[in-house]
Amino acid sequence: MAYRVRFVDPARNYRMIKDEIDRAYFEVMSRGDLIDREHLRKFEKNLADFVGTKYAVGLNSGYDALHMSLRAAGIGQGDEVIVPAHTFVATASAVVNVGAKPVLVDVGKDFNIDCDRIEEAISDKTRAIIPVHLNGYMADMVRIMDLAEKYDLVVIEDACQSLGASMKDDRAESVRKKAGSWGLTGCWSFYPFKMLGGYGDGGAITTNDPEVAIFARRMRFNGEDRETGEYHGHGFTCLLDNLQAAFLDVKLRYLPGWIKRRQEIAERYRNGLQDIDDLLLPHYNDPRRDHVYQNYVVRSRQGDEFSNYLKANGVEVLVQFRKPYYKHEALKLEDRGFPETEALSREVCSLPMNVEITDDEVDYVVSVIRQFYGK
Ligand SMILES: *Cc1c(COP(=O)(O)O)cnc(C)c1O
């Protein structure tokens, strides 16, 4: 079916920056620089600067970033790790795949882990917590860092959806700190439809810990120290391609402007929809935190009726997480009852949100929604 407004439009995005992307391609290809070369290092430096950490290490995916972080922290058999009940499944799978047990915690109205419910999930086996900054809005890192200190937990930020988001750290003279710079690591995904998307899989960790950076640099390359040739452990093959790094470096320069554009689109949705009582919009009143709108997720009481109406009227929406990941039997996860996650799973609908979209297209989405509600 041909949608009148696409959820994302990668070809249109490419045309916006075609000259620079093509130049990066020809430069990398004509030099033959494919693996662990200058473009990767340059991108890593620029990413670390953007996030505000000392190091960034390019990996093959966001999953690998979570996996490497857990390994760097020495988490494995017998350990428990706190994760939100509402997130992309990879957050929990990375924990299971290092042999540890994810302990799920319900989320709040902002889709992020409910800090009031974290303490009851902590046991004497709890070693780490993975807050997820979902949709472009940070979890309350001030409270999470306090809890982590109190219970001596490692913090690994799943920041895959929140590159550029920030929060004021009122513990440290109200300094504004970006997502991915608070915990032991920040984990990033460059999957094509993320804030900063490549043309295939990609990921990274950011960290201020030199040991963690060295660990990840070796482990992404089968455990090998590339200078000495020494193997420092049984590693993996999960290096970010030099070609992808060159593309991502081009896009990273656009990111600050693209974030502003996303915020503009969010305001346009807000102005068009805020009088509809049955629709919950993702605008939160916390002056300490900003929203970079990786996704614009609304909650409609009408659930599938709402999303199907949009699709039938030419608006491509994304309905994710109708069945919470912990309800998939093969994953063998403990469902301790997560009422907010269950309620929002029936109601969530992601509206088109990307930097390719025009104001007219946003207005069309608004008009279809208003029509649905008889406005
Ligand atoms: C995308 C995403 C991941 C995984 O990233 P991949 O690059 O697809 O492995 C993990 N967590 C969250 C919250 C994500 O959105």
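**Exercise 1. Identify the residues through which helices α9 and α11 meet, and describe the geometry of the pair.**

*Solution.* Step 1: Glu-305, Phe-306, Tyr-309 and Leu-310 of α9 meet Val-365, Val-368, Ile-369, Gln-371 and Phe-372 of α11, where contact means heavy atoms within 4.5 Å. Helices (H or I, at least four residues) and strands (E, at least two) are DSSP runs, numbered from the N terminus. The model is predicted: local features need pLDDT of at least 70, side-chain atom pairs count only at pLDDT 80 or more, and totals for chains, interfaces and linings use all residues. Residues are numbered from 1 along each chain as its sequence is written, and side-chain values use heavy atoms, with hydrogens and water left out.

Step 1: The contact of α9 with α11 divides into 7 nonpolar, 1 polar and 1 charged residues. Here Ala, Val, Leu, Ile, Met, Phe, Trp, Tyr, Cys and Pro count as nonpolar, Asp, Glu, Lys and Arg as charged, and the others, Gly among them, as polar.

Step 2: The axes of α9 (residues 303–312) and α11 come within 10 Å and cross at roughly 130°. Because of this angle, α9 is oblique to α11. Axes are lines fitted to C-alpha atoms, for helices over the stretch in contact, and angles run from 0 to 180 degrees between N-to-C directions. Angles under 35 degrees count as roughly parallel, over 145 as roughly antiparallel, 65 to 115 as roughly perpendicular and the rest as oblique.

Step 3: The crossing of α9 and α11 is right-handed. A crossing is left-handed if the near helix is turned anticlockwise from the far one by less than a right angle, and right-handed if clockwise.

**Exercise 2. Characterise the packing of α8 with α11.**

*Solution.* Step 1: Helix α8 (residues 242–273) and helix α11 (residues 359–372) have axes 10 Å apart and pack at an angle of about 30°. The two helices are therefore roughly parallel to each other.

Step 1: The crossing of α8 and α11 is right-handed.

Step 2: On the α8 side, the contact is made by Arg-261, Ile-265, Arg-268, Tyr-269, Gly-272 and Leu-273; on the α11 side, by Asp-359, Val-362, Asp-363, Val-365, Val-366, Ile-369 and Arg-370. By class, the residues of this contact divide into 7 nonpolar, 1 polar and 5 charged.

**Exercise 3. Carry out the corresponding analysis for α4 and α7.**

*Solution.* Step 1: The axes of helix α4 (residues 62–72) and α7 lie 10 Å apart, at an angle of about 125°. The helices are therefore oblique to each other, and their crossing is right-handed.

Step 1: Met-68, Arg-71 and Ala-72 of α4 form the contact with Val-212, Phe-215 and Met-219 of α7. The class count for α4 with α7 is 5 nonpolar, no polar and 1 charged residues.

**Exercise 4. Determine whether Asp-286 is buried or exposed, and list polar partners of its side chain.**

*Solution.* Step 1: Asp-286 is placed in the loop between β10 (279–280) and β11 (296–300).

Step 1: The relative accessibility of Asp-286 is 13%, so the residue counts as buried.

Step 2: A polar atom of the Asp-286 side chain lies 2.9 Å from the backbone nitrogen of Arg-288. The Asp-286 side chain also makes a polar contact with the side chain of Arg-289 (2.9 Å). A polar contact is a pair of N or O atoms within 3.5 Å; within protein, one must be able to donate a hydrogen and the other to accept it, and residues adjacent in sequence count only if both atoms are side-chain atoms.

How values were computed:
Buried < 20%, exposed > 50% of the residue type's maximum accessible area, 1.4 Å probe, protein only.
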